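Here is a friendly tour of one protein chain. Have a look at the picture first, then read on.

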Amino acid sequence: MDDIQGLKNYFKKLKRIIMTEADLKFFRFSFVKKNKIDDVLCCIIATLPKSYKRICMSSQSKDFGSTLSYKILPKAIKRKFFLSPALYSIDRNYAVRLIDTILKTIEKDIQEIEKLNLPE
């Protein structure tokens, strides 16, 4: 349970970085330093349970709302800005929607995945 709360905190931190710590904002786009985003994504990947990662890579991922959003999230936030390779160009509205979906459903999804008790 502590791992799930820690995971949620990392997603909230990612959301906060996108919303408030952008180097530049232009309409709905935030331009955030690449290393800030990569650091938080690394923490998220390290905190995710192995069973959740396995489900994300399998065809069963469509059965869970958070896995679909999680698979789309890196592609949505890791778009390089053409003027500076040290910045990511992020559509704030889309990224926040994905993160909110993950935050709402990840706890329930992890519990259901753990109940499936998939083999290693």
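## Ground rules

Helices (DSSP runs of H or I, at least four residues) and strands (DSSP runs of E, at least two) are numbered from the N terminus. This is a predicted model, where local features need pLDDT of at least 70 and side-chain atom pairs count only at pLDDT 80 or more, while totals for chains, interfaces and linings use all residues. Residues are numbered from 1 along each chain as its sequence is written, and side-chain values use heavy atoms, with hydrogens and water left out.

Let's start with F27, which sits in the loop between β1 (24–26) and β2 (29–33). F27 isn't a glycine, yet its phi is positive, at about 50 degrees.

Is F27 buried or exposed? Buried means under 20% relative accessible area, exposed means over 50%, and partly exposed is in between (1.4 Å probe, protein chains only). With 69% relative accessibility, F27 counts as exposed.

## The nonpolar core

Next, the inside. A nonpolar core is a set of buried Ala, Val, Leu, Ile, Met, Phe, Trp, Tyr and Cys residues joined through side-chain atoms within 4.5 Å. The largest one here has 31 residues, and F11, L14, I37, I44 and I77 touch the most other members. At least two residues each come from α1 (2–20), α2 (34–47), α3, α4, β4 (84–91) and α5. The largest share, 8 residues, is supplied by α5.

Take I77 as an example. Contact means heavy atoms within 4.5 Å. Not counting residues up to four places away in sequence, I77 touches L14, I18, I37, L41, Y88, I90 and A95.

## Helix α3 and its partners

How do α3 and α5 pack? Axes are lines fitted to C-alpha atoms, for helices over the stretch in contact, and angles run from 0 to 180 degrees between N-to-C directions. Angles under 35 degrees count as roughly parallel, over 145 as roughly antiparallel, 65 to 115 as roughly perpendicular and the rest as oblique. Helix α3 (residues 50–57) meets helix α5 (residues 92–116) at about 90 degrees, with the axes 9 Å apart, so the two are roughly perpendicular. On the α3 side the contact uses S51, Y52 and I55, and on the α5 side I106, I110, I113, E114 and L116. By class, that makes 6 nonpolar, 1 polar and 1 charged residues; here Ala, Val, Leu, Ile, Met, Phe, Trp, Tyr, Cys and Pro count as nonpolar, Asp, Glu, Lys and Arg as charged, and the others, Gly among them, as polar.

Helix α3 also packs with α4, at an angle of about 75 degrees and with axes 10 Å apart, so this pair is roughly perpendicular too. Here Y52, I55 and C56 of α3 meet S66, T67, Y70 and K71 of α4. That contact has 4 nonpolar, 2 polar and 1 charged residues.

## Two buried residues

S66 lies in helix α4 (residues 65–77) and, at 0% relative accessibility, counts as buried. Leaving out residues up to four places away in sequence, S66 touches Y52, I102, T105, I106 and D109.

C56, in helix α3, counts as buried at 4% relative accessibility. Beyond its neighbours within four places in sequence, C56 contacts S61, T67, Y70 and K71.

How many disulfides does a search of the whole structure find? The count is 0, where a disulfide is a pair of cysteine sulfur atoms within 2.5 Å. At 30% relative accessibility, C43 counts as partly exposed.
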